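Please study the sequence and the model before reading the solutions.

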Amino acid sequence: MSEIDSLKAQLESLQADALNAFAAAENLNALQQLRVQYLGKKGALTEVLKGVGKLPPADRPVIGQHVNATKSALAAGLDACETTLAEKEKIARIEAERIDVSLPGRTKGKGALHPVQNGLDEISTIFSQMGFVVAEGPEIEDEFHNFDALNIPPEHPARAMHDTFFVKEMGNGEKSEPMLLRTHTSPVQIRTMKRFLAEGGEPPLAVVAPGRVYRCDYDVTHSPMFHQVEVFKVDRDVSMAHLKGVLKHFLSTYFEKDVAIRLRPHYFPFTEPSAEVDIGCVFCAGKGCRICKGSGWIEVLGSGMIHPNVLQSVGIDSEEFSGFAFGLGVERLVMLKQGIPDLRLFFENDVRFLSRMGVNK
Amino acid sequence: MKIPFSWLKEHVALTATPMQIADDLVRLGHEVEAVEMPRAAVVGVRVGLIASKQPHPDADKLSLLKVDVGDAEALDIVCGASNMDEGDKIPVATLGTVLPNGLKIKKGKIRGETSCGMCCSETELGLAEDSAGLLILPADAPVGAEVGDYLELEEAVFDLSITPNRGDCMNVRGIARDLAADAGLPLNDLDLHAVALDASLADAVVTVSAEQDCPVYMARRIQGITVADSPAWMQAKLIQAGQRPVNGVVDVLNTIMLDLGQPMHAFDADTLSGSITVSSAQGGEPFSALDGRELTLNAGDLLVSDNASVIALAGIMGSEPTGVRETTTNIVLESAFFRPARISETRRVYAMVSEASMRFERGVDPAMVAVAMQRATNMIIDLFGGSASAVTVCGDAGNVNADASGASRKVNASVSRIETRLGIEIPVAVDDVLVRMGFALQRNGDALTVSVPSFRHDVSIPEDISEEYARVIGFDKIPELLPPLATTAPARQDRSVHDAVGAGFLQVINYAFISASEQRLFVPQDDLDIALENPISDAMSVMRRSVWPGLLNTARYNMNRQQSGVSLVEQGRVYLKNQKAENSHDEINVIAWLMSGDVEQDDWFGNARQADFFDLKGAVNAWLTLRGLTGRFIADDSMQGLQAGQSAKILVGRAEAGRIGRVDGDIASSLDIDTPVFVAEINLDALTTGKQAKFVPLPEFPGVERDLVFLFERTVSSEAILNAVKSAAGKMLTDARIFDRYDGKGVPDGFVSLGIRFALQDGKRTLTQEDSDTASQAIIAAMDKRFGAMLRA
């Protein structure tokens, strides 16, 4: 066998051995050792190359091609095995690192907004988006703002129906004006209009006034403290059709469906005409059920066109301007929306109730 | 107010069904609380004849009846009553009947004997609140007939809630008038006939000195009556209308009041001395009211008196001694108009409510004063005999609600303005409905003049006319229109409680009133409490000055219900008198936190951990940071209700903005909370608005970080240490914090090992070893000099 043939045979056998060894390598480390063993400076291929110098010059390019081909084949074999092994090792690592993703995550407490807060936020947001400005007022009020300015003079039967909490004399000695816990958020209407006018404002004025109110009444269906939102708008030519439009928009947005509304003539001293507002029962879609007592309607709030005496009490010309107003009970709306059966749950503050009901989607 | 359908039909020939009438009433503004259907409620209950009665073989108190209800075979019925005999006629609820109490009649066995129906008492038929035994029907009751038909039970009773402005509808005729006008039906004329006067009788002598409060007063004597029970038909009417029969005379007056709306009163004439005076009280007069109360009257109360004493608090209640009894033979009848505001005020002062006062304070029809007197006289004489004097009349009914010229009240309005403000056109035909309701209308182009009938005290301005039109047309006819939207930018929402919730706290809402003793837990005794005059209970009698008592109660409530830990937040107001300004108060918006018990639960990654001071401090700090604020926590041992050594003032800027600390152990254990309780409170009104962050270029060169560990005396505060580090380290310092704290083995008593990690950075170059060495040396020197602290590592 000539020198060149012998070298060729060596290369071939080296290539075969190497590829077998690569394929048999168990991990990337072993493969790396094989790379050194075959392709390193002192590796097997280098050993073979030493024989090239003994060849006649004419044979050298021929064997050179063979050597390059073997080198490429080994490199390709190495790369292929490396890819396979890397993939295998990755899979093994992933398996080893597998966790039970159904285990609970680490949390910091179980925070939730109170459902009444959620209701207040939702309601205020709907009106804010309609251009109503949020206003607040004191909870300890005088009789003027809570009653007189709202067209409820002292002898008015409606005054007795308010179950008012009175505050003990606050002045020292001298008999001072009686103070009370506001029975509704309507006094904010008076205070806001007065302030607005005092600051040189002129209607239009559109206000939403959320807050706590108090009635001296405590049983299954009454809480001595609850939340109301007062909404009013004063402008030229504000009409009852506008009142109905705003109610419809608000109630449909709040209940996230197209709810039917029904206005029934009613009486409130501070509005004329006045109307109680019903919505088509959200539980039975108006077919009649236990909640709506078979009527298909649920009473949700009181409303009306602001009484001229109320506008005049703050100095707004009722000939030029008109307005609508309504007041809604937040707890009632939240109860209807979330199916909460008992008003007292809101103020018991049982964390099991709160953490479930306070979810703000 | 309960109104039987048949009574309504006495005034107007209604043809609609009860449910249609109920809808009409609602549309017209009369709230229908319920429609009772007494006759329909007993469908299936038939007249039965007891054919035989035998004792139950197995039960002493039961009988076996065979009852003929007109069918081919008599029914076997086991009955527990004892007041019936063979041959009696009784109501029998046949199989399938549902009684008013919800009981459904089914075939069944009672102690082994078959029963195919049920014999009924009055209670079971919904006819009485209680009854003894079965209802025994008259012998001529037709066997097999529906009992509801036979007893002529009412088809429907409307239970109405009349609004305070519609005094004119607190009677059957008023409601009938609205319904008739709406349906286009005529209102029947009142059937009145003249009273035969007994000329031999002296007229009642009456003087009215309080003409303002009593514009018209009528009185008449009726002599020689025999007071008997009122007839059955009248008693039935009263009961259906929700009134209890009293005696014949009172029943007649009540019937007229329910029918026409005019309350009347009858005095026993033989108990009166001298003439009758209607006057304003001087104050101090004693009064024995019919309800048994002994009152001392206030100046200004409107009184009816005789020469000896007060015989009635006008329009509200008569006196006990002068009331009509079964033995009364001579009476004085009173019919009057009393000023609503006067009645309302007096009634409120004495917390007295009567059917009469409810009507007077809403305003009765002055035109009805004489009519009621005439009708009552006729009915009393018809039923109980006697003869009547002429009527003594003081004042003039025409003066009530009239203008200066004596004409009825007129309201001038503009049709177009009403239309604009209702948002709907008014069809001219609707005027007819108002006319049928008693108004007189005159249209002159856009101008509208409305004469208001005497019974409508609630109509005096154009808006009232607008309401009449709206309810007659129907609120449902008004379109739904969105008004032009204002373009005001919405204010930023207060995120205080939301941020706390995001940090894991559960929001609660407590009542704003607490007990006086709870108030004293965290607030010292002073004059600034605001107490309620009429609290629900002692536990809810003072306006809170701290949110903590409410939070503590919430914690107790929940920890008593197996919660191992609570993290709560509440936002709301606290209330106190203003020290500086007389008769004024402050309402301060605060946010408060409470943590107690497990703040971390036993979990797959770790063990439970109880809340401590630093959990809450961290939460409060994070909350402040979110609003661009920095809090300083200054130890303060003097805060009421908090444990010394674990409490601090919270300063934000220079203002004292809040408090934080551990609730005194005695307070916690008095509430049965056995884990440490931490609370914090921040006055939201005292917070300045945080600064909006402004852009600062991010550092281009890397910084270095170094740790130093020192041994400090325990009394040294970490805040002082870090301040000293900051001033020692120079301008390149960007952060310094305590990263380790150890006082275990190897640390001498009274000392603590603290690890301080500080970071340096320069905007212009990469820092070197030398830089951090220099800073470290400066810090080590400062710690030694300021605190005598030794470097450990």
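Two exercises with worked solutions follow.

This is a predicted model, in which local features need pLDDT of at least 70, side-chain atom pairs count only at pLDDT 80 or more, and totals for chains, interfaces and linings use all residues. Residues are numbered from 1 along each chain as its sequence is written, chains are lettered from A in the order in which they are written, and side-chain values use heavy atoms, with hydrogens and water left out.

**Exercise 1.** Describe the interface of chain B and chain A.

*Solution.* Step 1: contact (heavy atoms within 4.5 Å) involves 94 residues of chain A and 83 residues of chain B. Step 2: the two chains bury about 7,600 Å², 60% of it on carbon and sulfur atoms; buried area is the accessible area (1.4 Å probe) that two parts lose on being put together, summed over both. Step 3: three salt bridges cross the interface, each a side-chain nitrogen of Lys or Arg within 4 Å of a carboxyl oxygen of Asp or Glu. A:Glu319 forms a salt bridge with B:Arg417, with the closest N and O atoms 2.8 Å apart.

**Exercise 2.** Determine how helix 9 and helix 11 of chain A are arranged.

*Solution.* Step 1: the axes (lines fitted to C-alpha atoms over the stretch in contact, with angles from 0 to 180 degrees between N-to-C directions) come within 10 Å and cross at roughly 50°. Step 2: angles under 35 degrees count as roughly parallel, over 145 as roughly antiparallel, 65 to 115 as roughly perpendicular and the rest as oblique; helix 9 and helix 11 of chain A are therefore oblique to each other. Step 3: A:Phe250, A:Tyr254 and A:Phe255 of helix 9 meet A:Leu333, A:Val334, A:Leu336 and A:Lys337 of helix 11. Helices here are DSSP runs (H or I, at least four residues), numbered from the N terminus.

Note on methods. Helix = DSSP H or I, 4+ residues; strand = E, 2+ residues; numbered from the N terminus.
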